[in-house]
Amino acid sequence: MHSLDATDWFPSRHIGPSPDERDDMLAIVGAPSLDALIDETIPSSIRLTTPLNLPPPESEHQYLRRLGQLAHQNQVFRSYIGLGYHDTFTPSVIVRMVMENPGWYTPYTPYQAEIAQGRLESLLNFQTMVADLTAMEVANASLLDEATAAAEAMSLMHRVVAGREPARHRCLVSDRCLPQTIEVLRSRAEPLALSLDVGPASRMTFAPDVFGAVLQYPDEAGLAQDLRPIVERAHAAGALVAVAADLLALALLTPPGEMGADVVFGSSQRFGVPLGYGGPHAAFFATRNAFVRQIPGRIIGVSVDAHGHTAYRMALATREQHIRREKATSNICTAQALLANMAAMYAVYHGPKGLKAIATRVHRLAEILAHQLTELGVAQRNAHYFDTLQIEIPSGVEQVRAHATERSINFRYIDEQTIGIALNETVTLDDIEDIVAVFTTALGRRPSRGMRETLRQTAGSLPATTGLPGALTRTSAFLTHPVFNTHHSETELMRYIRRLERKDVGLDTSMIPLGSCTMKLNAASAMLPVTWERFSRIHPFVPTEQTRGYAQIIGELESALCEITGFAAVSLQPNSGAQGEFTGLMVIRAFHLDRGEAGRDVVLIPASAHGTNPASATMAGMRVVVVASAREGSVDLADLRKKAGEHRDRLACLMITYPSTHGVFEDAVREICEIVHAHGGQVYMDGANMNAQVGLTSPASIGADVCHLNLHKTFAIPHGGGGPGMGPIGVAQHLAAFLPRHPFAATGGERGIHAVSAAPWGSASILLIPYAYIRMLGASGLADATRHAILNANYIKARLERHYPVLYGRANGRVAHELIFDLRAFKSAGIDEMDVAKRLIDFGFHAPTVSFPVAGTLMVEPTESEDKAELDRFCDAMIQIHREIEAVVTGKADAQNNVLKHAPHTASAVSASTWTHPYTREEAAYPLPFVRERKVWPPVGRIDNPYGDRNLFCSCPPIEAD
Amino acid sequence: MSYPADLKYTKDHEWIRIAGDVAEIGITDFAQQQLGDVVYVELPDVGRQLTAGDSFGSIESVKAVSELFAPMGGQVVEVNPSLKDHPEAVNSRPYESWMVKIHLSDPRATTSLLDSAGYERLVTT
């Protein structure tokens, strides 16, 4: 390296252990070198023989400088395209305090509720906001996007109705639903053999085989219509109705809940979440209490803690894939928590009055524009609208398009003679003037000089009412809870956000050793550009000449991911790992169908698989056959052979995680793949454990045909407290033709399946993060990251295996990037994995993964980003906890009244006037010296889970309740 | 753990109390302990016809869910209304917390059922 070369290289910032630490750790692990350790860990038969062929690494500043240039190849037009995406002002305090704040973007899904009360409260605000605005009884805490929310609504209606009347299999879909929504409905209906009738809502016929209808409100062209007549007809015929709604419009319009809708869903994007060329954004989903157990995804509920105080938690987990597997309500796992929190904070900041003012202003601007265009002699076709006009130009739209483009304006060109214009909160009278000018010039009229004056006069002379008929005018109150009526100054909101943030543990606090979740560094340099206007303020359906910067990044990222997986093609469309699974299975299905083998519908899934695997298989219309695990945790080869043989004519694929969910590189993986191929099946590799592979082996090397990559695990997209995520899939050459297409973009294979997401490249703006990660690490840095992830896991094993038995490993004892500690031996003394998980909170640590893939265990994945000192603190904490367990086992400590059973200890419990425990307050709160410097006080004591599920309450509790 | 002698049992950890041609069905002490705190019991509509082996509902704890299977065929004549608001009774009083009453199509078809001693052997070995 030249002495004048850059000094700010990323690998040493990303990888925790320094070279000296590495050597110390290797000595404890008992390996002569890092390479030797890797040789002992990964079977030689699947090792890559050459380094990854990737561009040379860039230093952090080199990267940011080049990305600035790429950003300038994107053009930020004023986009009035609509179609479910609207420009918005993200309040700066929310950008700084939430979106760009590691305190909010680095935590995990709030499984450890005691150290997640901040974001749980905010997600409860989100649910309350959605339930209020839609006038529904219960809402969840976000889905991936509006289109997949529509598919979930369809599934819910089918489950509810067909549960009683199995013959009902037809779903009616308004042809005025968003085009991408209809596409995704098609992709999800087809494998389940549900019939989809797309047609005008007014002509829907509710035959006896119809289970539900999906409507859009206002519709995709902006028309707002009273839904009551359709809802009444549907209900009279025993069918249900789901309505896609615009949250901002609902501040003015009669909410679908008051019109009898059974499900209301949509996107919360325009509540302050940047367009981001397609995402990430949080979708919402609301329904009746009667269907609460049918809701997909996370629901936050209110419960109490050990001291009887109000505490929040995720409720009704038994609906979800990790418990109910192939019988789950959905495969959804990662959702869009960070974005739901931004939308919730937007509602908290503006409150009901502010939202109504924003909605009213946007609506009046639309009225002014409609008036001006009508004056020009142009026909506006929407009888009633909120913010979107439909303009008819009999002479054709091309002149308008040309003049609009000249002024950096995007309209929606619906057909040769029709233009859609969707306004939003960023629009000013100047913008309206520009729009009118475009039409004036395009129609060959002389621009009037006093345009501005005319507009002001129009604004003044229009009647003060909204111009909406009574049936469509909202009269009910919303957001009446104090939380939406308190934090309206920036000072107050700043403090509210900080107050919540302080209750939570993220990577900004300490290591989060969650197995199978890969909680690695989310580097600031990778995050920064996400909020740059030239990436964040771009509508997903703009013409491609405005997004050359994005195109280059997407192209380079796809190539890099192909190189890393060894595959021929990649689809960036899926928005989560689970959605990647569904997409991959649908691609496999299309492949078999294309070869005339429609009967191939059996999926072999190892008993230890992630719950999303069987849930996704069910959604893809496949049958799950479970393959047993052998005693050492690997796939039972004899059972695999037997089942592959039994189903040889129906075998679609095997879904396998590698390294296994037990954290082991199985030697037989190639043989496993060969068995499946020999019986006509494909191999789907679940990429959850890809962090142990990158640069050292690959899905193609083990013999897989498809895999998904969790970009939010392996490639450093932050977990956001439960999303965003990205789950692109890579496929071998023979499957490339079947990758998903999209109605608004040239993407996917020539015989591609229907779209699986609302946007062509999923949550495009966060693709910048894996792009940065790969460009700044380079081939050697990526491989080094993997090596250190494996080193860190084996180091923890070496330090802790004398205290806690490690369940699985290779014959030589090496584990991959994660490992499982068996706590079942302590059960007879009354101590279980949950006690250890909660006690770790007193040391300032988030628990490892609890009871997956084996009940009664903890699975630890340290990642490469943690240095030796942090690993040592974690190990010291675990060893101290082991001493505490021993005290209970030997009877030195009371079986019930001990430091484990009462963990975690809150500040108010430790400082209370009365102390009824046989251990000291110091033992409770400061069990080791290092804790003094780093103390995390949990805001609540241990949460009563059964209470929360038995007394389900899913919106903001009344203030008096506490 | 107790397994009353006047009940019949299944390998799916349910108990059956037969009185004439009507049977009450619930889950055993062993089953409730395995499940943990029960939070919800999903029950069928009255009038539903069941053949032996049919799934007729499910029982949920905070972290597990388990299906309920009809041990004998018949028609559902009653579901226990108190479980809706007090699912925890399944934990505290498993043998009083019947879930459904079935009008049996053949009250003598009990050959596949276990007696108390047989069931106890099943769960202790």
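Predicted model: local features only at pLDDT ≥ 70, side-chain atom pairs only at ≥ 80, totals over all residues.
**View 1. Strand β20 of chain A, residues 682-686, with its cover on both sides.** This strand is mostly tucked away, with five of its five residues buried. Side chains in a regular strand alternate between the two faces of the sheet. So which residues of β20(A) go with which side? Gln682(A), Tyr684(A) and Asp686(A) take one side, while Val683(A) and Met685(A) take the other, and all are buried.

**View 2. β20(A) meets β21(A).** Look for Tyr684(A) here: its opposite number in β21(A) is Val706(A).

**View 3. A three-stranded open sheet in chain B.** Over in chain B, the strand order is β4-β6-β7, and the pairing is antiparallel. From one strand to the next, the twist averages 20°. Zoom in on β4(B) and β6 (residues 55-61) and you'll find four bridges between these antiparallel strands. Val41(B) faces Ile59(B) of β6(B) across this pair.

**View 4. Chain B as a whole.** Stepping back from the sheet, chain B has three helices and nine strands, laid out along the sequence as β-β-β-α-β-β-β-β-β-α-β-α. Its radius of gyration is 13 Å, close to the 14 Å the globule rule gives for 125 residues, so chain B is as compact as a globular protein of that length. Along the principal axes, the C-alpha atoms of chain B fill a box of roughly 35 × 35 × 20 Å. Of its 125 residues, 37% count as buried. As for contacts in chain B with a separation of 6 or more, 62% link residues 24 or more positions apart.

**View 5. Where chain B touches chain A.** Ten residues from chain B and eight residues from chain A make this contact. What's on the chain B side? Six nonpolar residues and four charged ones, with no polar residues.

Definitions and conventions
Residues numbered from 1 in each chain as written. Chains lettered and ligands numbered in written order. Helix = DSSP H or I, 4+ residues; strand = E, 2+ residues; numbered from the N terminus. Rg over C-alpha atoms; globule rule 2.2 N^0.38 Å. Buried ≥ 20, exposed ≤ 12 C-beta atoms within 10 Å, placed from the backbone. Contact = placed C-beta atoms within 7 Å. Pairing = 2+ DSSP bridges. Axes fitted to C-alpha atoms, helices over the stretch in contact; angles between N-to-C directions. Nonpolar A, V, L, I, M, F, W, Y, C, P; charged D, E, K, R; others polar.
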